[in-house]
Amino acid sequence: MATLLNSPPRLDPSALVRPGRVHRSVYTDAEIFRLEMERIFSRAWIYLAHESEMPAAGDYVRRHIGSRQVILTRDRDGAVHAIPNRCSHRGTTLCAFDRGSAPGGHSCPYHGWNFAADGRLRGVPQRSNYEGVLELGDYDLQPVRVAAYRGFLFGTLDAEAVPLVEFLGHMATSIDDLVDRSPSGEVVCSPHVLRHHYRGNWKLSFENLNDTIHPGFAHSASVVSAKAVAAGLEEGEPLAASLGMMLANGKPIQFFQDLDMVTTPRGHSYIGGHMGASYTADTQSAYAQALIAHHGPDKAARVLGTDRHLMLLYPSSTWHARYQTVRIVRPVRHDLTEIIGYTFRLPGAPEETYRNAVEYCTGANSAASPVIADDLEVYERIMDGNGFDAREWVPMSRGLREDREAVPGLTRSPATSEAFIRNQFAAWADYMGAAA
Ligand code: FES
Ligand SMILES: [Fe+2]
């Protein structure tokens, strides 16, 4: 008879999370992955796109909610709709492109059924064949629930999901942080996207990004190189974003011990900023003036004084306001994940702010990054290591007794803590157990 530890994945996923540890099968089991798609990615609000990616009527983007594809299209009245990318005739995917324009609606490539932006079946060729047989309205595509927060569009497959602002909670302030950095009050998503895949589970990415202990080890080679480059800089020369990131990876552990980590319900978190990258003096001055003109001096000072590192918006995306980037973490299979990095322009801000953001996004999301390559190798090694039977449980107990402050909706811990991973698995167990 199978032991309890070998059998629960198919019986009770919430039994795989214990205080301070998690069962290794959450990373390696294809059935667990299937349940995650059904119970987590079908219930949470998933980040999909920014409104600026569809500026004109008919513009669309193709995105994912878990394993399902959706098409977001702007209609003639300016509203954005999301519909399944699946023809209601024989199930063919309607759209094969990540973005484009379809002012005449989405036509299926198989038999030509045509759907409006909101999913309405507008017409079928050779209609007479269906006389008295088919009502068009019976084959409309059911729109996916979409909500926007300051121009950022999220979707959920759960009609009962809490309102988006409640899902975001305190983390909405990190989105505010990004938008408020624009002297025009608008941000514009660049069409230039950086993406890579890794052979590992999607959760490994969420567990890595604000893990401040690993950089000194996993990224030590690029830290040595970055220190050599920095030593050659002129006095006062600005620090490029990716160089700042590599140098920060070499900061002493005590620095990160003193830094704050904030975790909030539903698995979200961020840590304090620590990269120290800078703009030229001219850019700093022009940017500050532009922000003062938009916000007034007090708010402009607050915006420029805010420095948060990655906000992890569980389970779909990570955000860095200071570097104007959003990254989608897209689960493909239990052992395959796609990372898609988007960069935002701040209209009205000096061009250097955008170049700086692109430079950061390249260092953080490009397959050619000397930093990311280390993480991707570690993810693959974790998948290999957790395929063995000998040790069932993976600890996530670092800093378990070190939380600094807990108020309703927010806990503060040292940035060296694995509190953010425990918080992710608390949400994971809630989502996964709720339907058990
Ligand atoms: S499968 Fe789409 S029209 Fe036939
Ligand atoms: Fe890393």
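**Strand pairing and a pocket in a predicted model**

Author: In this predicted model, strand 8 and strand 9 (residues 114-115) run antiparallel and are joined by two bridges.

Reader: What makes strand 8 and strand 9 a pair?

Author: Two strands pair if DSSP finds at least two bridges between them. Two bridges join strand 8 to strand 9, so the pair meets that cut-off. Within this pair, serine 107 stands opposite asparagine 114 in strand 9.

Reader: Which order do the three strands of the open sheet have?

Author: The order is 8-9-10, and the pairing is antiparallel.

Reader: Why do strand 8 (106-107) and strand 10 (121-123) stand at the edges?

Author: Each has a single partner strand, so one side of each is left without a neighbour in the sheet.

Reader: Where does UniProt place "domain: Rieske"?

Author: The UniProt record, an unreviewed entry, lists residues 46-155 under that name. In the model this stretch is 0% helix and 39% strand, with its end C-alpha atoms 5 Å apart.

Reader: What is the volume of the largest pocket, and which residues are closest to its centre?

Author: The volume is about 340 Å³. The lining has 18 residues, and Glu207, Asp211, Ile382, Glu418 and Ile421 are the closest to the centre.

Reader: Which elements each supply at least two residues of that lining?

Author: Helix 5 (202-208), helix 13 (372-385) and strand 21 (393-395) do.

Reader: How do the lining residues divide into nonpolar, polar and charged?

Author: There are 11 nonpolar, three polar and four charged residues in the lining of the largest pocket. Asp and Glu count as charged and Ile as nonpolar, so among the residues closest to the centre Glu207, Asp211 and Glu418 are charged, while Ile382 and Ile421 are nonpolar.

Key:
Residues are numbered from 1 along each chain as its sequence is written. Chains are lettered from A and ligands numbered from 1 in the order in which they are written. This is a predicted model: local features need pLDDT of at least 70, side-chain atom pairs count only at pLDDT 80 or more; totals for chains, interfaces and linings use all residues. Side-chain values use heavy atoms; hydrogens and water are left out. On a 1 Å grid over the protein atoms alone, a cavity is a set of points where a 1.4 Å probe fits but cannot get out, and a pocket is an open set with protein on both sides within 12 Å along at least five of seven lines; lining residues have an atom within 4 Å of a point. Grid points are joined across faces, edges and corners, and a volume is the space filled by probe spheres set on the points. Helices (H or I, at least four residues) and strands (E, at least two) are DSSP runs, numbered from the N terminus. UniProt positions are given in the numbering used here, feature names are shortened, and annotations may be inferred rather than shown by experiment.
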